[in-house]
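Please follow the account below with the sequence and the model side by side.

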Amino acid sequence: MHGLVNSTSENTEQADAMNGASDFVVDVFGEIGKHTRTAVGVSVPHNIAASVYMVAEIKE
């Protein structure tokens, strides 16, 4: 999972902002949903709080 968090240069807590997204994925998928994550502070256009994306492989 990769998160771009709208931040000022003084903000250093981007990882904290991504905790909700990570917790949601684990809540939905359980133990198999545990993942690696990055959180980067950026200036996101249109005042969006964060942009989050991930690549997942689903096995039957």
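Helix 1 bends by about 30° at Gly-20, the bend at a residue being the angle between axes fitted to the seven residues ending there and the seven starting there. Helices (H or I, at least four residues) and strands (E, at least two) are DSSP runs, numbered from the N terminus. The model is predicted: local features need pLDDT of at least 70 and side-chain atom pairs count only at pLDDT 80 or more, while totals for chains, interfaces and linings use all residues. Residues are numbered from 1 along each chain as its sequence is written, and side-chain values use heavy atoms, with hydrogens and water left out.

Helix 1 covers residues 14-29, 16 residues in total. From first C-alpha to last it reaches 23 Å, close to the 22 Å expected at 1.5 Å a residue (1.5 Å times one less than the number of residues). Just after helix 1, Gly-30 has a positive phi of about 70°.

Gln-14, Met-18, Ser-22 and Val-25 are the buried residues of helix 1 (buried: under 20% relative accessible area, 1.4 Å probe, protein chains only). An α-helix has 3.6 residues a turn, so residues three or four places apart point the same way. These buried residues pack against strand 1 (2-6), strand 2 (38-42) and strand 3 (50-53). Ser-22 counts as buried because its relative accessibility is 9%. Leaving out residues up to four places away in sequence, Ser-22 touches Met-1, His-35 and Arg-37 (contact: heavy atoms within 4.5 Å).

Strand 1 and strand 2 pair in the parallel sense over five bridges (pairing needs at least two DSSP bridges). His-2 has Thr-38 in strand 2 as its bridge partner.

Technical notes:
Buried means under 20% relative accessible area, exposed over 50%, partly exposed in between (1.4 Å probe, protein chains only).
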